[in-house]
Each structure stands twice: as structure tokens, then as C-alpha cells.
Amino acid sequence: VADTDALIFDLRNNMGGSPELVHYYLSYVMPPNTHVIDTYYRTAGKYVYTLTQGVTEETVPGKSFGPSKPIYVLCSNKTASGGEEFSFDVQLQKRGTVVGDTTWGGAHPVSPFSIGSSGLSIFVPSGTSEDPLSKDNWEIKGVSPDVHVHPDRALDRALEMIDDHAKLKVDSLAFV
């Protein structure tokens, strides 16, 4: 995909993933060492928090798409967790355009806790994520797209935006 002129990430049905994988993918479309997110994890049973900084990689295997060619992120109310962080980071870093519907609204990492010997577990927030500059996140409110359209129309709208881009001659396009 590195040699394409535009890139569309379709996260409309992405229910999440690890923050590390989000940062890895962002490394292909953002400058190296871009600080995209801070996550504070609570130590179980204590009011002590550990900071983990989400930063893009210094180098990536293969060719990078680069930090300047246009990217579009498709999202919906089914986009959650890691899919939301990807959308949030792209939007706040002004790296691309988020197209679709407002995302689910799950910014807090969770940890499982067993319920006695029942074999059941409950997932409880064990931390919080926030943008290092604005100190904001997408918890409950979700990520509001730059271009709000029904998710079924998001791909068509992104393709229209690529076609309308006066300075871009799209010879090749990649979907991820």
C-alpha cells in the first residue's frame, strides 16, 4: 500500500484491539516517534497510576505509506476501543479524515475480575486514556467524525472526497 496515492482504513465493524497494535499501524502513516496517547493504569487495590505513553515506532518493516498522503478512516457506532483510538489519534493529529458515524465510546482499558468460584468474570475499567495535549478522550461520547454520514455511505463518501481532491491524481488506492 505504500505506493498508493490515498489510503482508506475501514474500521466500521472493528470492536477493538491492543493499543500497541494501534500505534504500530499508525507508525506507517505518521512521523516516527509521534506521541499519540497517554494511558494511565491503576494498580489493583491502590490509588497508584502507571503512565504508558503511546508513541509511533522509529522505523517500520517494509515501506511506510508516509505522513503526508491522504488517509480516510471509516467508522460507525460499532467501532470501539482500539478502532476508536486509531480514529481519535488520526483526527487529533490532523493526519486524516474520519468519515461515518460517531463511535461507540470506550476509551478506558478494562481488566477481568473473577466473581468468586462461579467461573464468571466482570470487566472493570482499570485505567484511562487521554490525548497528551488536550487531556481529552472518547469515553462515553465516542469519536465524532469529521464527515458525518450513515456508515453504509461512508466508503462512497470517502471515495467521492478522493475524487474531489483537486491536487491529487489517484492512480492507485488501498483498502485496509
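Contact here means heavy atoms within 4.5 Å. The structure is a predicted model, in which local features need pLDDT of at least 70, side-chain atom pairs count only at pLDDT 80 or more, and totals for chains, interfaces and linings use all residues. Residues are numbered from 1 along each chain as its sequence is written, and side-chain values use heavy atoms, with hydrogens and water left out. Helices (H or I, at least four residues) and strands (E, at least two) are DSSP runs, numbered from the N terminus.

Serine 76 sits in the loop that joins strand S4 (71-75) to H2. Its relative accessible area is 3%, so serine 76 is buried. Buried means under 20% relative accessible area, exposed over 50%, and partly exposed in between, with a 1.4 Å probe and protein chains only. Not counting residues up to four places away in sequence, serine 76 touches Arg12, Asp101, Thr102, Thr103, Trp104 and Pro151. Polar contacts were also computed (a pair of N or O atoms within 3.5 Å; within protein, one must be able to donate a hydrogen and the other to accept it, and residues adjacent in sequence count only if both atoms are side-chain atoms). The serine 76 side chain reaches the backbone oxygen of arginine 12 at 2.4 Å.

Aspartate 101, a contact of serine 76, belongs to the loop between S5 and strand S6 (110-114). Aspartate 101 touches Cys75, Ser76, Asn77, Val143, Pro145, His148, Val149 and Pro151, again not counting residues up to four places away in sequence. Aspartate 152 is 51 residues from aspartate 101 along the chain, and their C-alpha atoms are separated by 9.6 Å.

Helix H2 is mostly covered, with 10 of its 11 residues buried. These are Gly82, Gly83, Glu84, Glu85, Phe86, Ser87, Phe88, Asp89, Val90 and Gln91. They pack against S1, H1, S2, S4 and strand S5 (97-100). Lysine 94 follows H2 and has a positive phi, near 55 degrees.

Helix H3 (residues 154-164) buries Ala154, Ala158, Met161 and Ile162. Seen down the axis of H3, these buried residues fall within an arc of 100 degrees, so they line one face of the helix. The arc is that of the directions from the helix axis to the C-beta atoms. An α-helix has 3.6 residues a turn, so residues three or four places apart point the same way. On the other side of H3, Asp163 and Asp164 are exposed.

Pockets were located on a 1 Å grid over the protein atoms alone (a pocket is an open set of points where a 1.4 Å probe fits, with protein on both sides within 12 Å along at least five of seven lines; lining residues have an atom within 4 Å of a point). Grid points are joined across faces, edges and corners, and a volume is the space filled by probe spheres set on the points. The largest pocket has a volume of about 320 Å³. Its lining holds 20 residues, of which Ser81, Gly106, Ala107, His108 and Pro109 lie nearest the centre. Strand S2 (35-42) and helix H2 (82-92) each supply at least two residues of this lining. The lining of the largest pocket divides into 10 nonpolar, eight polar and two charged residues. Here Ala, Val, Leu, Ile, Met, Phe, Trp, Tyr, Cys and Pro count as nonpolar, Asp, Glu, Lys and Arg as charged, and the others, Gly among them, as polar.

The second largest pocket has a volume of about 210 Å³. It is lined by 14 residues, with Leu11, Asn14, Leu21, Tyr25 and Phe86 nearest its centre. Strand S1 (6-10), helix H1 (19-26) and H2 give two or more residues each to this lining. Seven of the residues in the lining of the second largest pocket are nonpolar, six polar and one charged.

Most residues other than glycine have a negative phi. Asparagine 33 has a positive phi, near 60 degrees. It lies in the loop between H1 and S2 and is partly exposed, at 45% relative accessible area. Isoleucine 140 also has a positive phi, of about 70 degrees. Its place is the loop between strand S8 (127-130) and strand S9 (147-148). Isoleucine 140 counts as exposed, at 69% relative accessibility.

Serine 134 is likewise found in the loop between S8 and S9. It is partly exposed, with a relative accessible area of 42%. A polar atom of the serine 134 side chain lies 3.2 Å from the backbone nitrogen of aspartate 136.
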